[in-house]
Amino acid sequence: LGVKGGDSAVLFYDWDSGDFVRKIDVAPKEVYWSDSGNLVLVACEDSAYVLSYNAAVTASAIAMGQVSPEDGVDGSFDLLFEINDSISSGEWVGDCFIYCNNAGRLNYSVGGKIQTLVHLDTNSSGVTVHSVLGYLAKEDRVYLVDKSLNIVSYKVMLAVLQYQTAVMRGDFDSANELLSSIPESEYTTIARFLEAQGFKEEALEVTTDEDHKFDLALELGKIDIAHELMKLTPVEEKNSIDTMAKWKKLSDAALKISDFELTEACSLSSDDFPGLLLLYSAVGNFEGMEELAKMAQKKGKTNIAFVSHLLTGNELAKMAQKKGKTNIAFVSHLLTGNVEECANLLIATNRLPEAAFFARTYLPSRVEEIVSLWKKDLSKVSETAANSLADPASNPELFPDSDVALQVEKMFLAQREATKATGISASDYPTAKDDLNLDLIALVKSQSGGAAAPPPPAAVATDNPLDDAVEEVEAARLAQEAEEQRLAEEAAAAEEAARIAAEEEAAAEAARIAAEEEAKAAEDNMNDFGEDW
């Protein structure tokens, strides 16, 4: 029995004995007891409190006379949870409480988790006009009445409520048994309830909504399931915005676990050209980049097409050259190592001085040809200036190591052909970056001991050209150290020989001076003797 104690408390008494049981310090509007008598909801103005009632403890305390006049029976009531809602009417169905709130919503609470069933009509002030009459389990319906005494009902399956109650209790064995009695039309509702409780694995197994299953699969990292779901997309929905967004989500999830094959497939399906550009440039997929350029150009994505062509070079270079964009064509050829076309382009645009200097660096075999063209062009302006130009054939002394440069050119072309088909793996960057600092002229000279070494066959491609380059650098370093040591030893020996020669020369000079002084002294003595005689 509950008795309102003023505006700030409710007092509970035992119905049979009339003994005081407990005082609850809240100001209730209504008190709702469950049919089992072990749950009670105390509805206040803006919130409600669900308490559990321990009838056995209460009966034992009353029987033993252990009831405190001030506090009642200790342990008779325990607070389970609070509902932050203004309840206007309600009904217990098992351990689930169905209620209307003042805002016009029909909700139910299981274990403190609120689910909205339906939005009801309200009056002009926004207050609900319905009250809960009751719940019929055999009909699986809850009945409400409004201010005009109109009765409406809504379907609320008892099996669903019992399933959710079992889940909140942690009794999954009972929940699984109840699941078979629930129609599949309610499975998505069950799954969303499980997801809200943090049971996402179970929700993935239960849900029948494809969108919900896709989202759960991504959250759980089961991208294979998500991918299979995307493959089942109907043809009429393949190009929808929602489908494209799903492919993008799946692509991002695959990229996080470094599944590049799936990432590429998803990006292709969603026309995610920026994602493909990032992927192909990162993994060095030359063929993919060329195909991306064509696709982007076909779809009107000129910015992606431009960058793709720029990174692959050849196609962009052809287009740029055809359109007269020689600067773009030159950079494209240079990025792909097509130095022959770079030189041809400079010649075609009559940039002969630039072509000559470019060939001096990258194509020494064509220096003589280009200088000849330069001379012919320059002679139209100044014959003297044209004659002052030198080339390796006429002035070999002005082009030191030209024969070595020709060998280096052949090495470069052979290396380019060897890596053209497969490219250089990004994993080789730590060693490949050192190639930028190689002095190839000095390298070839050190290997050949100063003489020109025969060029390597262009058709032979090593398994890893970068490793060969590293070995060549190491060999060059060791050869250089040996040469430096030899020169140092020769210099020391020469210095020692010069010192000995200088000492011997000084000794001979000293002996000569002593002999001259002795002869002069003897002559002086003879003169003195003659005079005396």
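Helix 1 is followed by Gly65, whose phi is positive, near 70 degrees. Helices (H or I, at least four residues) and strands (E, at least two) are taken as DSSP runs and numbered from the N terminus. The model is predicted, so local features were required to have pLDDT of at least 70 and side-chain atom pairs pLDDT 80 or more, while totals for chains, interfaces and linings use all residues. Residues are numbered from 1 along each chain as its sequence is written, and side-chain values use heavy atoms, with hydrogens and water left out.

Helix 1 spans residues 55-63, and its buried residues are Thr58, Ala61 and Ile62. These residues lie on the same side of helix 1, because they cover an arc of only 100 degrees around the axis; the arc is that of the directions from the helix axis to the C-beta atoms. Ala56 and Ala63, on the other side of helix 1, are exposed. Here buried means under 20% relative accessible area and exposed over 50%, with partly exposed in between (1.4 Å probe, protein chains only). The cover over the buried residues of helix 1 includes strand 3 (20-24) and strand 6 (48-53), where contact means heavy atoms within 4.5 Å. At the N-terminal end, helix 1 is capped by Asn54, with a side-chain oxygen 3.4 Å from the backbone nitrogen of Ala56. A polar contact is a pair of N or O atoms within 3.5 Å; within protein, one must be able to donate a hydrogen and the other to accept it, and residues adjacent in sequence count only if both atoms are side-chain atoms.

For the protein as a whole, the secondary structure comes to 22 helices and 14 strands. Of the 533 residues in the protein, 33% are buried. Among contacts between residues at least 6 apart in sequence, 39% join residues at least 24 apart. The accessible surface comes to about 31600 Å², and 53% of this belongs to carbon and sulfur atoms. Accessible areas come from the Shrake-Rupley method with a 1.4 Å probe; for residues, only the protein chains shown count as cover.

Salt bridges were assigned where a side-chain nitrogen of Lys or Arg lies within 4 Å of a carboxyl oxygen of Asp or Glu. By this rule the count comes to 8. One of them joins the side chains of Lys200 and Glu219 (2.6 Å, N to O). Lys200 lies in helix 5 (residues 200-206) and Glu219 in helix 6 (residues 210-219), so the pair ties together parts that are 19 residues apart in sequence. Lys200 is partly exposed, at 29% relative accessible area, and Glu219 is partly exposed at 45%.

Another salt bridge, between Lys248 and Asp252, has an N to O distance of 2.9 Å. Both residues lie in helix 8 (residues 241-256), 4 residues apart, about one turn of the helix. Lys248 is partly exposed at 32% relative accessibility, as is Asp252 at 34%. In the salt bridge between Arg366 and Glu369 (3.2 Å, N to O), Arg366 is buried at 16% relative accessibility, whereas Glu369 is partly exposed at 38%. Asp211, Asp242 and Lys246 are linked in a network of salt bridges.

Leu255, Phe260 and Val283 make a nonpolar surface patch of about 240 Å². Patches are made of residues with over 30% relative accessible area and no salt bridge, with like charges joined within 9 Å and nonpolar side chains (Val, Leu, Ile, Met, Phe, Trp, Tyr) within 5 Å. Val283 is found in helix 10 (residues 273-283) and is partly exposed, with a relative accessible area of 39%.
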